[in-house]
Amino acid sequence: PPSPSLPSGTEVRHQVRSGDSLWQIASRYGTTVEQIRADNGLRGNALLPGQILVIRGSGVAPAGGT
């Protein structure tokens, strides 16, 4: 099941697969297309299979953290 959102400060690398779209990836990681574009310097919606995207968490960190 997809995670609702990554904790703030978390960073994940996502390898683009054939058929992936920015909105699918954003939905999977609980972020926005705009945030993914900004973090990766993307201008449009074009993704290439094998491309590595950095996904940064913008969610709330779990209680009881450091």
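Which side chains meet in a salt bridge with an N to O distance of 3.1 Å? Hold that thought for a moment, everyone.

First, a word on what we are looking at. This is a predicted model, where local features need pLDDT of at least 70 and side-chain atom pairs count only at pLDDT 80 or more, while totals for chains, interfaces and linings use all residues. Residues are numbered from 1 along each chain as its sequence is written, and side-chain values use heavy atoms, with hydrogens and water left out.

Now, back to our pair: the side chains are those of E11 and R56. By salt bridge I mean a side-chain nitrogen of Lys or Arg within 4 Å of a carboxyl oxygen of Asp or Glu. E11 sits in strand 1 (residues 11–15) and R56 in strand 2, so this pair ties together parts that are 45 residues apart in sequence. Strands here are DSSP runs of E with at least two residues, helices are runs of H or I with at least four, and both are numbered from the N terminus.

E11 has another partner, R13, with the closest N and O atoms 3.6 Å apart. How exposed are they? R13 counts as exposed at 55% relative accessibility, while E11 is partly exposed at 43%. The cut-offs are under 20% relative accessible area for buried, over 50% for exposed, and partly exposed in between, with a 1.4 Å probe and protein chains only. A network of salt bridges links E11, R13, D39 and R56.

Elsewhere, R28 and D20 form a salt bridge at 3.9 Å, N to O. R28 is partly exposed at 27%, whereas D20 is buried at 15%. The count comes to 4 salt bridges.

Let's turn to the inside. The largest nonpolar core has 12 residues, among them L6, V16, Y29 and I55. Such a core is a set of buried Ala, Val, Leu, Ile, Met, Phe, Trp, Tyr and Cys residues joined through side-chain atoms within 4.5 Å. Helix 1 (22–29), helix 2 (33–40) and strand 2 (52–56) each give two or more residues to this core, and helix 1 has the largest share, with 4.

Finally, helix 2. Its buried residues are V33, I36 and D39. After helix 2 comes G41, with a positive phi near 65°.
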